[in-house]
Amino acid sequence: MHQNLLIISFLIVTSTSIQADEQNALDCLIEPHDVVEISSPVQGILETVSVERGDTVKKGQIVAKLKSGVEESNVRLMKARAKMEGDIHARKADLELKKHNSEQLESLYNKKLASLHEFEDAKTMSVIADYEHKKALELYHVAQLELDHAQEILDQRHLKSTVDGVVVERLKSPGEYVEDQPVLKIAQIDPLNVEVIAPIHMLGSIQVGMDAEVTAEQSADAVFHARVIVVDPVIHASSGTFGIRLNLPNSDHKILAGLRCKVYFNKGNGSALPKT
């Protein structure tokens with residue numbers, strides 16, 4: 001009899017604990033951290049799309065290209081011009097020669113061995129040579145800027161991912177004309193967002209930086225640890241609720257976006273799920 005009472009007491013305590021957990025749990029939805037549509041800043045014919053739906057991409061990775069034969073040719077031309085340093089060397093050698101002649105004639109003029117006219121001519125030629133050398137340097141700098149400009153135009157025809165993520169939709173295929181329509185849709189799934197709608201009586205008890213534990217319908221036994229990053233400062237008047245967003249790390253991509261979930265906030269001695 002005594003043993004039966006112990007079992008009944010244990011079941012009552014366990015049932016009460018489960019009910020407390022369920023009362024403290026809130027429904028939530030796991031979503032991508034961001035979903036971006038990759039489009040081209042310029043018009044053109046799509047030449048290649050190097051990724052498919054489901055492919056993992058890195059930030060900065062080229063995922064598609066427009067036809068760019070003319071732009072590539074222009075870059076090669078500008079590279080050739082940017083390497084042309086011969087004129088600079090020639091102008092520098094001429095400058096050194098003219099300066100040497102000017103210095104010699106100045107010495108001869110001071111010794112009354114050269115006329116003022118000869119000295120002034122040599123000095124003028126030295127000044128002109130200096131200007132020509134500076135002009136060659138400026139033209140070389142302009143060639144570098146033109147190369148940068150040509151490269152920038154070419155880069156605009158290379159579509160790059162702006163996030164680390166997964167391709168969720170391919171909207172265009174090679175050969176299609178691209179204007180302002182997106183070519184790919186990419187979801188950033190590390191980290192994930194956990195979106196929660198909380199009742200108004202919880203306002204003030206949930207703070208940014210608070211830890212929470214999340215269970216997903218994918219696997220109710222697994223517990224994932226998240227952190228509050230947004231608590232909406234505005235109440236939804238008609239429903240008496242406010243929004244909360246949590247950051248959920250997902251480096252191994254094991255947690256799927258789009259799943260419904262439950263969230264348990266760790267509020268000191270509150271009833272959070274045990275860690276696994």
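In what sense do strand 1 and strand 8 pair, and over how many bridges? Strand 1 and strand 8 (residues 182-199) pair in the antiparallel sense, over 11 bridges.

## About the model

This is a predicted model, in which local features need pLDDT of at least 70 and side-chain atom pairs count only at pLDDT 80 or more, while totals for chains, interfaces and linings use all residues. Residues are numbered from 1 along each chain as its sequence is written, and side-chain values use heavy atoms, with hydrogens and water left out.

Helices (H or I, at least four residues) and strands (E, at least two) are DSSP runs, numbered from the N terminus. Two strands pair if DSSP finds at least two bridges between them.

## Strand 1 and its partners

Within the pairing of strand 1 with strand 8, Ser39 stands opposite Pro182. Strand 1 also pairs with strand 12, in the antiparallel sense over 4 bridges. Here the bridge partner of Asp27 is Lys262 in strand 12.

The structure holds 1 disulfide, a term for a pair of cysteine sulfur atoms within 2.5 Å. Cys28 and Cys261 form this disulfide, with their sulfur atoms 1.9 Å apart.

## Two nonpolar cores

A nonpolar core is a set of buried Ala, Val, Leu, Ile, Met, Phe, Trp, Tyr and Cys residues joined through side-chain atoms within 4.5 Å. The largest one has 27 residues, and those touching the most other members are Ile30, Val194, Val196, Ile244, Leu246, Val263 and Phe265. At least two residues of this core come from each of strand 1, strand 8, strand 9 (211-216), strand 10 (219-231), strand 11 (241-248) and strand 12. Strand 8 gives the most, with 6 residues.

A second, separate core has 16 residues, among them Leu46, Ala64, Val163 and Val167.

## Helix 4

Helix 4 (residues 116-155) has 40 residues and should span 58 Å at 1.5 Å a residue; its end C-alpha atoms are 59 Å apart, which agrees. The expected span is 1.5 Å times one less than the number of residues.

Several residues of helix 4 are buried, including Phe119, Ala122, Ser126, Ala129 and His133. The cover over its buried residues includes helix 2 (69-82), helix 3 (86-110) and strand 5 (158-160).

## A buried serine in a loop

Ser40 lies in the loop between strand 1 and strand 2 (44-49). Ser40 counts as buried because its relative accessibility is 8%. Its side chain reaches the backbone oxygen of Val42 at 2.6 Å. Leaving aside neighbours within four places in sequence, Ser40 is in contact (heavy atoms within 4.5 Å) with Leu66, Gln156, Leu159, Val178 and Glu179.

Most residues other than glycine have a negative phi, and most peptide bonds are trans. Lys112, in the loop between helix 3 and helix 4, has a positive phi of about 65°. Lys112 is exposed, with a relative accessible area of 73%. His253 has a positive phi of about 60° and lies in the loop between strand 11 and strand 12. At 32% relative accessibility, His253 is partly exposed.

A cis peptide bond joins Asp190 and Pro191, with omega about 0°. Pro191 is in strand 8.

Notes
Buried < 20%, exposed > 50% of the residue type's maximum accessible area, 1.4 Å probe, protein only. Polar contact = N/O pair within 3.5 Å; in protein donor to acceptor, adjacent residues only side chain to side chain.
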